Amino acid sequence: MVGGGPQSDNVIHRMAMDDPIPWWKKPHLRNMYLLLFPCVIGIEMTSGFDSQIINSAQLLPAWKEYFGHPTGGYSGILASALPLGSVLGLPFIPLINDNFGRRWCIMFGSCIMIIGTFIQGFSKNAPMYIIARAIIGFGLPYAIVAGSCLIGELAYPKERPILTYFIGAIVAAGCTFGTQQIKNDWSWRIPSLLQMAPSLLQVIFVFFLPESPRYLMSKDRLEEVKNVLVRYHAEGNADSEFVKAEIAEIKVTLEIELEHSKQSWADMIRTAGMRRRVLIGSLLGLFTQLSGNVVISYFLGGVLKLIGYTDPSFQTKYNLGNQCWSLVCGVSAAMVVMRFRRRTMYLTGIFSILAVYVGWTVCTAVFIAHKNPVAAKFSLFWIYAYSPAYNLCFNALTYTYLVEIFPYAQRARGIAIFYLEELAFLSENKEDLAQLQQKRVETEQGVGELDSEKHDVVHERQV
């Protein structure tokens with residue numbers, strides 16, 4: 001199920017894992033990773049930044065006042081505009097990614113996101129804000145798909161599971177916590193404008209990176225392929241057996257794949273093996289959203305209010321702490337992901353998430369029924385416990401696995417299908433959660449009014 005010849009892939013993987021020299025002692029590889037951080041891995045900062053911008057903004061009184069205290073479907077469309085925009089851009093990603101290269105695809109998506117972020121920061125009303133988020137969403141998958149391919153095709157095999165989603169989330173949560181002291185609209189406009197920072201880094205640094213060796217080989221630029229692999233995977237050793245094995249693997253794999261492929265969307269379902277890959281990619285997108293991360297990423301304010309924590313200052317502090325904790329969990333998971341089988345990691349993470357949600361639901365229900373402060377504190381614990389469970393399976397591992405299972409010719413389309421399934425369910429999930437939250441508020445208001453009426457009746461009888 002890997003994207004190349006199984007035998008050559010296994011040889012390369014074994015040679016890489018047997019290499020005793022760590023990446024930080026290889027100057028050229030180290031320099032490439034330092035460039036990958038701001039301009040490729042930083043793409044996930046944009047995604048993390050967005051989830052926390054809409055989450056943290058809902059904790060700010062100025063944002064709620066400016067947009068009329070959005071609830072229900074209105075709140076849902078404000079949150080889901082970005083994934084809806086992403087869905088519109090997905091079908092065209094392979095045209096740029098496969099014809100112009102990974103770097104130009106990242107550049108295109110980053111420029112679109114900068115335009116959208118600028119409009120978002122200076123929005124005059126809700127429709128303008130929604131359109132701006134849709135524009136950001138349109139550009140985001142171009143950068144994510146190309147960045148995922150570039151990481152998998154440039155990085156040394158044993159260091160591919162890298163994650164920085166939470167860096168962007170921490171920056172967004174921290175900015176919003178700092179700007180909550182501002183008593184006007186700039187409390188949410190400043191974090192909104194800062195969302196363009198990762199895209200600016202990508203625009204500045206992306207062409208300092210080498211192009212993907214697999215893309216170069218697909219365009220018959222063999223000499224450039226050799227130069228890239230010798231420099232970054234062999235530290236200048238032109239006689240490296242590892243580089244020779246990589247070049248042979250890339251060449252043979254591309255010849256086989258391109259010989260049997262017209263590189264169209266129909267190839268995704270042409271054979272039983274490809275249909276299975278598409279099914280796995282689609283289910284990964286679905287399971288990523290069914291894991292429950294949307295509740296914490298987009299509606300944490302409502303969750304905390306449900307267990308009695310209504311102070312905006314506490315909510316923003318708790319949110320910032322949760323993102324810092326998530327970074328620790330994410331990096332720790334990325335360090336161990338190569339040590340275990342993929343299926344083992346997925347199953348362990350999924351069952352851990354199930355246990356967390358059972359404990360969280362029980363504690364929240366106990367608090368709602370009995371107003372037990374201990375149950376509320378345990379709910380706070382379970383929210384933090386979610387992060388290590390989620391990171392075991394649905395972060396670094398997912399993109400690494402997608403690059404591994406799809407052949408080069410269909411890799412961009414395969415990741416796009418994963419992202420389409422993820423975004424389609426995400427947008428619907430957000431609106432459903434927003435409507436449930438609104439129903440809960442209405443129910444609480446109805447209960448409050450009923451209690452007030454009962455109190456009035458009792459008082460009249462006593463009189």
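**Note on a helical model**

1. Helix H7 (residues 102–121) and helix H11 (residues 197–205) have axes that come within 9 Å and cross at roughly 145°. Axes are lines fitted to C-alpha atoms, for helices over the stretch in contact, and angles run from 0 to 180 degrees between N-to-C directions. The H7–H11 crossing is left-handed. Left-handed means that the near helix is turned anticlockwise from the far one by less than a right angle; clockwise would be right-handed.

2. A word on the model. It is predicted: local features need pLDDT of at least 70, side-chain atom pairs count only at pLDDT 80 or more, and totals for chains, interfaces and linings use all residues. Residues are numbered from 1 along each chain as its sequence is written, and side-chain values use heavy atoms, with hydrogens and water left out.

3. Which residues of H7 meet H11? They are Ile 106, Met 107, Ser 110, Cys 111, Met 113 and Ile 114. On the H11 side stand Ser 199, Leu 200, Gln 202 and Val 203. Contact means heavy atoms within 4.5 Å. By class, this contact of H7 with H11 has 7 nonpolar, 3 polar and no charged residues. Ala, Val, Leu, Ile, Met, Phe, Trp, Tyr, Cys and Pro count as nonpolar, Asp, Glu, Lys and Arg as charged, and the others, Gly among them, as polar.

4. The protein has 21 helices and 0 strands. Helices (H or I, at least four residues) and strands (E, at least two) are DSSP runs, numbered from the N terminus. Of the 463 residues, 54% count as buried. Buried means under 20% relative accessible area, exposed over 50%, partly exposed in between (1.4 Å probe, protein chains only).

5. Helix H17 (residues 312–336) has 25 residues. It reaches 36 Å from its first C-alpha to its last, close to the 36 Å expected at 1.5 Å a residue. Buried residues in H17 include Tyr 318, Asn 322 and Cys 329. Gln 315 also lies in H17 and is buried, at 6% relative accessible area. Gln 315 and Leu 300 are 15 residues apart in sequence, yet 8.2 Å apart in space, C-alpha to C-alpha.

6. Ser 187 lies in helix H10 (residues 186–194). Is Ser 187 buried or exposed? Ser 187 is buried, with a relative accessible area of 1%. A polar atom of the Ser 187 side chain lies 2.9 Å from the backbone oxygen of Asn 184.

7. Pro 407 sits in the loop between helix H20 (396–405) and helix H21 (408–462). Pro 407 is buried, at 9%.

Conventions
Polar contact = N/O pair within 3.5 Å; in protein donor to acceptor, adjacent residues only side chain to side chain. Expected span 1.5 Å × (residues − 1).
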